[in-house]
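Biologist: I have not looked at this one before. Could you walk me through it, a piece at a time?

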Amino acid sequence: MHGGKGVEAIKWFRQHMVWYMQLIGPHNTTFLHWEWVSRQYIVFAELLQASSLGTSILQPPTSGIPGSVVTELEQQPAYYYQLAAHYMRKRRNSFNFALDNMSEASQNEAVDIFQSSSETLGVPLYVGQYPQLLEEGSIRSPTQAEYMGHFIAEEKMFQHSRAVIDLLMKAYEQYKLAKSGRMVYCIGSEMGQEYFAAREYVNAKRLFESVAGLYRQEAWVTLLWVCLGYLKECARKLSLLKEYIEYSLEMAALPILSDLELEANTFQNEDAPAGPFSYSQRAKIHKEVIGILQGTTSDIPAQEGMSCLSVTESGPIFLEIDLVSPLRAVLLAYVAFHEQVVKTGGMTSFTLSLLTHLPLPMEINELEIQFNQLPCNFLVISEKRQASANTPETRNPRIQTVPDLELEPNKWKRLSFNVNAGLSGKLECLSVIARIGQHSTICCRAESPASREDLPLWKFEDRLETLPMRDGSLALFGQKVIQVEDPEPLVDVVLSASGPGFVGELFPVSVLVNSNGHAIHAGELKINIVDSKVGSMESPRETASTSLQPYHVELLIVQSNGEQLERVTRDEENFQRCSGILAVPFIDVGTSWSTQLFIKWHKPKVVTLFVSLGYQASQKIHLHKSLQLEGKIPITVSHRYMTPFRRDSLLLENVKKKLSSDIDVSLALNEANVLVVTARNFAEVPLRLISITVEEEDGSSCSVRQAREIYAGSLSVATADLEHYQAEPEAERGSITESDFSFLLMPNEAYRQIFSVRPSVASSALGVGTVCIRWKRDMESMKFFSQEKARDVSHFQPSVTINSPTVTTTQVKLSPVRVEKPPLVVSLECPSHALFGAPFTLALKIQNETTCLQEVRFSLVDSQSFLVSGAHSDTISILPYSSHILSYKLVPLASGLLQLPQVILTATRYSASFHPPPASTQLFVFPSNPHLKSGPFTSGLTIVNSR
């Protein structure tokens with residue numbers, strides 16, 4: 001073994017045990033032989049376990065060694081621990097047999113002379129020998145009888161069961177490491193038997209319950225029989241009457257059909273408490289347990305010193321059989337309704353099929369069939385017991401009689417009944433309760449034939465299988481559930497809305513309840529908004545949620561109007577997420593009641609509004625209505641930044657062109673930049689703009705001032721018109737308020753508002769603010785709009801007043817901008833217009849905003865439209881915080897909108913050139929002196945606005 005030849009060691013050990021196994025000796029000393037055999041296996045298992053820790057012992061067989069091929073099981077240390085435990089049990093049995101054959105006098109004479117005083121014991125002749133005896137100064141060796149007395153005294157003190165359990169525990173651990181699942185359970189069964197022999201019934205019951213689970217799953221009926229016998233006996237010893245009855249019923253329902261099957265069966269465990277594995281033993285157990293349940297069998301003797309087990313009024317028995325219970329073979333109950341749908345108050349039929357696999361007929365005193373609707377529960381008794389039946393009124397809502405309630409073994413008992421569906425909703429048969437005796441009840445969970453599953457222990461038996469229902473369709477597709485429809489409601493609920501809703505708007509939905517034949521008492525409206533594509537956003541009864549994500553839709557339920565309604569809508573706490581409940585007052589027959597719901601979209605989405613009206617008439621009645629609504633985006637907002645007219649700043653970040661930056665807009669520090677906000681009507685109805693403002697994020701770092709408005713019609717305004725705007729001083733601009741500004745915006749039309757943005761701090765990501773657009777629907781102009789466009793807008797015609805209680809505000813956050821101080825600023829100064837042939841001055845003012853000397857290289861590109869006088873190219877130096885002016889004299893040679901001569905400026909230090917927009921270098925030349933009036937878009941003169 002230590003040399004690594006594990007297979008040879010196993011063969012030699014096998015041959016060694018064959019040689020010495022037969023050397024048993026006298027009958028009264030047999031236990032010594034089995035002690036030696038057990039010790040051999042223990043030592044070899046320990047050697048094998050130690051050798052297998054470092055390397056595997058699997059090797060090809062070697063010729064010349066006696067014995068057959070070594071199996072895989074023989075290479076496991078657990079195998080030898082198991083054999084050691086086996087021979088340890090034989091040691092115990094042999095010792096008990098020897099004690100039984102000894103007379104009482106012989107047992108009393110059997111004393112251990114080696115436990116005497118040291119004065120009577122001498123020194124042994126060699127190491128390992130027992131001591132010699134000293135008698136009257138002489139020394140002698142012990143006799144054979146004295147040796148046997150010593151061995152018997154020691155064996156009496158030895159704990160055989162504990163030694164067997166320790167060996168089996170080692171085998172259990174080794175098999176578990178080897179992942180031998182079935183051998184683990186086999187060892188568990190043997191350990192349970194040892195615990196049972198040692199009268200440790202709690203540990204034995206725990207192990208047998210674990211083992212029985214595997215035997216049930218894999219349908220090992222023979223082994224399960226033995227295991228259940230031990231469990232039944234453990235329950236009796238522990239005074240567990242309910243468990244005792246359950247194990248007894250399970251044993252009686254095992255698939256053993258006749259005693260002839262045992263003739264070829266070699267498995268017979270006479271010592272097991274279950275008794276012989278036969279049909280007659282099943283019948284014996286059946287009679288015993290049914291007698292206990294019925295109260296006809298005498299009391300069961302329990303453990304010594306404890307009272308007998310019996311079913312009494314103070315200790316009744318209630319057994320529950322569910323879909324995974326091992327007692328399903330004792331009683332099966334299938335229920336199938338003959339119809340799928342029934343009206344409220346109508347009668348419907350169903351069939352109840354019962355089956356038992358017990359070996360003998362079972363008499364049931366009464367059956368109670370329970371439904372999810374308590375008024376439908378009823379009792380079933382046989383005709384011969386009807387006269388003597390005495391059922392309490394609390395559990396006797398109804399009684400039906402049948403000829404008999406006796407269940408034959410393996411034969412379906414089919415019973416048909418009628419039941420009145422009193423309440424709407426779902427009617428389901430929950431369970432069937434069978435009362436065997438006065439204090440014994442078996443509750444069996446009702447099952448549907450459509451979901452029928454075979455019993456694991458009976459599906460492999462050679463027997464004729466029948467269907468639970470005579471009707472084949474019911475046997476294959478029958479259900480224990482039936483749908484009970486609501487009675488026809490004599491109330492109508494009308495949901496009406498006008499067109500699509502808009503994001504951010506309080507969209508009203510009218511709810512009208514008309515009573516045509518039922519007076520509504522204790523009415524309740526359950527309102528739920530669901531996603532038309534996904535499903536329900538939230539249950540109507542769910543009031544708390546752990547989700548912090550914003551919902552797409554909010555719901556507001558109010559029953560007021562005017563000032564009170566406006567006050568309620570201002571309080572955001574009155575908004576509910578996606579559902580709500582509204583109480584309905586009493587409505588008499590022929591009258592109606594109405595209310596309004598308000599829906600607020602946060603994101604565009606198609607939703608369905610479900611309204612369920614529940615009210616009390618003769619019974620609770622529910623009416624469901626739904627309305628699909630779409631939330632759309634009413635206004636799209638866009639913006640862009642522009643530099644001041646004919647004033648350009650050199651921004652170094654634009655020169656570097658950082659690709660990694662998410663900010664693509666750069667503004668000059670302390671410069672009045674232009675922000676153009678465009679609001680376009682994205683809806684299909686006219687909207688009235690109230691105001692467009694920008695809420696500053698931080699007024700100390702960036703100030704935003706409102707300028708004049710520009711109406712762009714259908715987005716046809718020219719970009720040049722916007723870039724001719726130059727930010728005016730704040731004192732020269734009037735503020736636009738809701739009282740003096742209100743603009744009608746037709747579909748697909750746009751409105752542009754201009755703001756002056758002046759950043760005062762340098763930043764890589766400066767927040768400007770939020771655009772706030774206040775708007776509302778304009779229903780008066782919708783009629784004219786539909787006539788002019790000549791299209792069908794019937795879905796816009798309101799059935800309720802669509803005016804929202806408050807003006808809707810749409811907010812769009814402006815993207816952050818990059819702000820930097822420009823080193824150079826160039827301003828172009830020229831008149832607003834010119835005359836043909838009349839000279840004028842064009843000046844370029846270059847400002848140095850740094851503490852360094854700046855060199856600027858310029859070059860002039862001639863234009864065919866102007867006669868130019870001035871320097872064409874040169875390099876100039878500009879002192880810190882000073883400016884330089886390039887002046888040119890121009891004479892127009894043509895009339896119309898002309899492009900001024902281009903002056904290219906390049907900063908030598910930064911290798912960067914100025915690129916002014918083309919619109920800022922254009923000039924209109926009149927052929928003659930025009931007649932002009934003052935206007936708002938120039939510093940003195942402008943053309944009369946054709947608008």
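Modeller: What follows is a short tour of this predicted model, starting with the whole chain and then turning to single elements and residues.

Biologist: Let's pick a helix. How many residues does H8 have, and how far does it reach?

Modeller: Helix H8 covers residues 201-217, which gives it 17 residues, and it reaches 24 Å from its first C-alpha to its last, close to the 24 Å expected at 1.5 Å a residue. After the helix comes Ala219, which has a positive phi near 60°.

Biologist: Which residues of H8 are buried, and what do they pack against?

Modeller: The buried residues are Tyr201, Ala204, Lys205, Leu207, Phe208, Val211, Ala212, Leu214 and Tyr215. They pack against three helices, namely H7 (181-197), H9 (221-237) and H10 (241-252).

Biologist: Switching to strands, why is E14 described as largely enclosed?

Modeller: Strand E14 spans residues 440-445, and five of its six residues are buried, so the rest of the structure largely encloses it.

Biologist: Which strands is E14 joined to, and which way do they run, parallel or antiparallel?

Modeller: Strand E3 (residues 317-321) runs parallel to E14 and is joined to it by five bridges, and in that pairing Ile317 has Ser440 of E14 as its bridge partner. Strand E13 (residues 425-435) runs antiparallel to E14, also through five bridges, and here Ser431 is partnered with Arg445 of E14. E13 and E14 are also joined by a hairpin, through four residues.

Biologist: What holds paired strands together in general?

Modeller: Strands of a sheet pair through backbone hydrogen bonds, in either a parallel or an antiparallel sense.

Biologist: What about the sheet with E41 in it, what is the strand order there?

Modeller: That is an open sheet of four strands in the order E43-E41-E46-E47, with antiparallel pairing. Strand E43 (873-878) and strand E47 (912-913) stand at its edges with a single partner strand each, so one side of each has no neighbour in the sheet.

Biologist: How many bridges are there between E46 and E47?

Modeller: Strand E46, residues 902-907, pairs with E47 over two bridges in the antiparallel sense. In E47, Ser913 is the bridge partner of Thr906.

Biologist: Which loop holds Tyr881, and is that residue buried or exposed?

Modeller: Tyr881 sits in the loop between E43 and strand E44 (883-892), and with a relative accessibility of 53% it counts as exposed. Its phi is positive, about 50°, although Tyr881 is not a glycine.

Biologist: And what can you say about Asn410?

Modeller: Asn410 is not a glycine either, yet it has a positive phi of about 60°. It is found in the loop between strand E11 (406-407) and strand E12 (413-420), and it is partly exposed, with a relative accessible area of 36%.

Biologist: Now a buried one. What does Thr810 touch?

Modeller: Thr810 belongs to strand E36, residues 808-813, and is buried, with a relative accessible area of 15%. Leaving aside residues up to four places away in sequence, it touches Val771, Cys772, Ile773 and Trp775. With Trp775 there is also a polar contact of 2.8 Å between the side chains.

Biologist: Last topic, cysteines. How many disulfides are there?

Modeller: The count comes to zero disulfides when the two sulfur atoms must lie within 2.5 Å. Cys227, for example, is in no disulfide, and the nearest cysteine sulfur, which belongs to Cys234, is 9.3 Å away.

Biologist: Is Cys227 buried or exposed? And what about Cys830?

Modeller: Cys227 is buried, with a relative accessible area of 2%. Cys830 counts as buried because its relative accessibility is 19%, and the cut-off for buried is under 20%.

Notes
Residues are numbered from 1 along each chain as its sequence is written. This is a predicted model: local features need pLDDT of at least 70, side-chain atom pairs count only at pLDDT 80 or more; totals for chains, interfaces and linings use all residues. Side-chain values use heavy atoms; hydrogens and water are left out. Two strands pair if DSSP finds at least two bridges between them. Buried means under 20% relative accessible area, exposed over 50%, partly exposed in between (1.4 Å probe, protein chains only). A polar contact is a pair of N or O atoms within 3.5 Å; within protein, one must be able to donate a hydrogen and the other to accept it, and residues adjacent in sequence count only if both atoms are side-chain atoms. Contact means heavy atoms within 4.5 Å. The expected span of a helix is 1.5 Å times one less than its number of residues.
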